[in-house]
Amino acid sequence: DSKKIVFTEGTDPRILEAAAELLKDKILTPVLVGNVEEVKAAAAEGGFVIDGAEIIDPANYDKFDEMVALLCEMRKKKGMTPEEAAKTLAAGNYFGTMLVKMGVADSLLGGATYSTADTVRPALQLIKTKPGYSIVGSAFIMVRTSNGTEELLGMGDCAINIMPTEDNIVEIALETANTAKVFGMQPKVGLLSYSTKGSGKG
């Protein structure tokens, strides 16, 4: 059941290195967003073998008009025009998210060059939250070695929600625990303040 994962920054060396590793180990099919020649040139320059990856250029995508129509429908309350939709979808972060929305890919990875806000905003607008949830949170999976033993830590919502309510914190804790389980962890949940004695300015 091979999955397709969209990488919104197809010319970034870190993305190309990851794509090459994923292809070599036959883990999944990377979908690299960007100009085909530029992506191939960047891969060649870095010595990354990306044979088997899909490269999709927003400027030459055969279903681009379908994407534009869908985005206009989704954002009609905001009064989005086809011209505005086409301009929005020309950006890799929105284009890649729409590939997921349309079922062309299963998931998306971004943030190598896009900011957290620019990576999350398209998902908030196009994918929305999981049914039954009111907010979008985040989770980092950190790997560290302690006394020769590898340890995994799931750090919940270090980047999205600045002033969560009590109910938000419950959702964030539960979803971080669920994410930890995906990575084979048996989660023990602890809550930490991001600011000690006024150190944070938020």
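This is a predicted model: local features need pLDDT of at least 70, side-chain atom pairs count only at pLDDT 80 or more; totals for chains, interfaces and linings use all residues.
Reader: In what order do the four strands of the open sheet lie?

Author: Strands of a sheet pair through backbone hydrogen bonds, either parallel or antiparallel. Here the order is S3-S2-S1-S4, with parallel pairing. Strands (E, at least two residues) and helices (H or I, at least four) are DSSP runs numbered from the N terminus, and two strands pair if DSSP finds at least two bridges between them. Strand S3 (54-56) and strand S4 (107-109) are the edge strands, each pairing on one side only. From one strand to the next the twist averages 25°.

Reader: How many bridges join S1 to S2?

Author: Four bridges join strand S1 (residues 4-7) to strand S2 (residues 29-33), and the two run parallel. Ile5 has Pro30 in S2 as its bridge partner. Helix H1 (residues 13-24) lies across S1, S2 and S4, and runs at about 155° to S2.

Reader: Why are H3 and H5 called roughly perpendicular?

Author: Axes are lines fitted to C-alpha atoms, for helices over the stretch in contact, and angles run from 0 to 180 degrees between N-to-C directions. Angles under 35 degrees count as roughly parallel, over 145 as roughly antiparallel, 65 to 115 as roughly perpendicular and the rest as oblique. The axes of helix H3 (residues 64-74) and helix H5 (residues 92-101) cross at roughly 85° and come within 11 Å, so the two helices are roughly perpendicular to each other. Contact (heavy atoms within 4.5 Å) is made by Phe64, Met67, Leu70, Leu71 and Met74 of H3 and by Phe95, Met98, Leu99 and Lys101 of H5. By class, this contact has eight nonpolar, no polar and one charged residues. Nonpolar covers Ala, Val, Leu, Ile, Met, Phe, Trp, Tyr, Cys and Pro; charged covers Asp, Glu, Lys and Arg; the others, Gly among them, are polar.

Reader: What is the volume of the largest pocket, and which residues lie nearest its centre?

Author: Rolling a probe the size of a water molecule over the atoms shows where empty space is left. On a 1 Å grid over the protein atoms alone, a pocket is an open set of points where a 1.4 Å probe fits, with protein on both sides within 12 Å along at least five of seven lines; lining residues have an atom within 4 Å of a point. Grid points are joined across faces, edges and corners, and a volume is the space filled by probe spheres set on the points. The largest pocket has a volume of about 1700 Å³. Its lining has 43 residues, with Ser107, Leu108, Gly137, Ser138 and Ala139 nearest the centre. H7 supplies the largest share of this lining, seven residues.

Reader: Which helix gives the most to the lining of the second largest pocket?

Author: H7 does, with six residues. The volume of the second largest pocket is about 920 Å³.

Reader: Where does Lys128 lie, and what is its phi?

Author: Most residues other than glycine have a negative phi, and most peptide bonds are trans. Lys128 has a positive phi of about 75° and lies in the loop between H6 and S5. Asn147, in the loop between S5 and S6, also has a positive phi, near 55°.

Notes:
Residues are numbered from 1 along each chain as its sequence is written. Side-chain values use heavy atoms; hydrogens and water are left out.
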